[in-house]
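Dear colleague,

Please find below the structure that I am handing over to you. My findings follow directly after it.

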Amino acid sequence: MEPRAEKGDEGENVRITAQLLKAKTGEFALESILLLKLQGLGISELGCLGECASLEWLDLSGNAISHLGPLAALKSLAVLNLSANRVGSLEPLGACESLQSLNVAGNLLGSLQQLQCLGGLRRLESLRLHDARARLSNPVCATRAYRSALGDLLPGLKAIDGERVSGRGSELYQLCRDLDSSLERGGGAGSLEPPGAALPWVEEGYWERRPARRSSIMEEAYKQFNDVLRECRELSERADGTISQAERALSVRSDPGSYVF
C-alpha cells in the first residue's frame with residue numbers, strides 16, 4: 001500500500017514526510033526530485049519539503065496549507081501551484097529566486113502589500129490570484145482595479161490571472177476589457193449612444209510581415225561564399241580547357257601514319 005502523509009497528534013494535521021515523497025516520486029534521495037504532485041491530500045504542514053533542493057515544478061493545490069516556510073529553501077523552483085489552500089502570507093517565496101509561474105488563487109491574501117515580497121523575483125512572469133473557471137479567488141481581488149495596481153507593483157509580469165498583460169497577444173485582452181468597461185458605462189439598452197468612427201486597436205502595419213534582418217556577419221558569409229563559387233567556376237573552365245587540349249593531342253597521335261614500325 002502506498003504510504004500516506006503523516007497525521008499530527010490531533011489526527012487532522014497532515015504533514016509531508018520523506019517516506020511520502022519517495023513513494024510519490026520513486027526517487028531514493030530527496031535531492032533528486034525535480035517534479036512533485038501532491039494535490040488534494042489534506043496537507044497542512046510542509047515538513048521536509050525544503051530538502052528537495054533540486055525541485056523545479058511543484059503542485060500543492062487543494063490542501064490546507066497556511067505556512068510556506070520550507071519553500072524558502074527551494075532555489076530552483078520555477079513553477080508553483082498553491083491554489084485552494086489557506087495561505088495568508090507569501091513572504092517565504094521571496095527567496096525562490098528561480099520562480100517563473102505562481103498560482104495562489106483560492107487563498108486568504110487580502111491586500112497588495114502581501115504581494116510586495118515578490119518584487120525581487122526577476123524571473124516571475126505569471127501570477128494568478130483569481131480563477132473564474134475553478135471559482136477560486138482571494139479577498140484582494142474584490143478591489144476593482146487590483147490587476148492594474150498589481151501590474152504597477154510587479155512590472156515584470158506578462159500574465160495576470162491567465163491573461164496576457166504585456167508582450168504579443170496582450171492587445172486582445174486589453175480590447176476585451178475596454179469593451180466590458182464601455183458596456184458597463186452604457187447601462188441599459190435604452191442609454192446606449194450611436195457608435196462613432198471605429199478606431200484601430202493596434203498600430204498601422206502591425207500585421208504586416210517584416211523582412212528578416214541580415215546581420216553584418218551574414219553579409220560577410222554571403223560574400224565569401226560567392227567568392228569561393230566564382231573561383232570554382234574559373235577552375236572548372238581551366239579544367240575543361242586542359243581536357244580539350246589532351247583530347248586533341250591524343251587524337252593526333254592515334255593516326256596510324258604517325259607510328260614507325
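Of the 261 residues in the protein chain, 27% are buried. Please bear in mind that this is a predicted model. The accessible surface of the chain comes to about 17,700 Å², and carbon and sulfur atoms account for 52% of that surface. As for contacts in the chain between residues at least 6 apart in sequence, 35% join residues at least 24 apart.

The secondary structure consists of four helices and 10 strands. Along the sequence, they follow the pattern β-β-α-β-β-β-β-β-β-α-β-β-α-α.

Seven strands form an open sheet with mixed pairing, in the order S3-S5-S6-S7-S8-S9-S10. At its edges stand strand S3 (35-37) and strand S10 (163-164); each has a single partner strand, so one side of each is left without a neighbour in the sheet. Within the sheet, strand S8 (residues 126-128) and strand S9 (residues 159-160) run parallel and are joined by two bridges.

Is Gln113 buried or exposed? Its relative accessibility is 52%, and a residue counts as exposed when this value is over 50%; Gln113 is therefore exposed. In sequence, Gln113 and Leu153 are 40 residues apart, while in space their C-alpha atoms are 9.2 Å apart.

Yours sincerely

Technical notes. Residues numbered from 1 in each chain as written. Predicted model: local features only at pLDDT ≥ 70, side-chain atom pairs only at ≥ 80, totals over all residues. Heavy atoms only, no water. Pairing = 2+ DSSP bridges. Buried < 20%, exposed > 50% of the residue type's maximum accessible area, 1.4 Å probe, protein only. Contact = heavy atoms within 4.5 Å. Areas by Shrake-Rupley, 256 points an atom, 1.4 Å probe, with all protein chains shown as cover.
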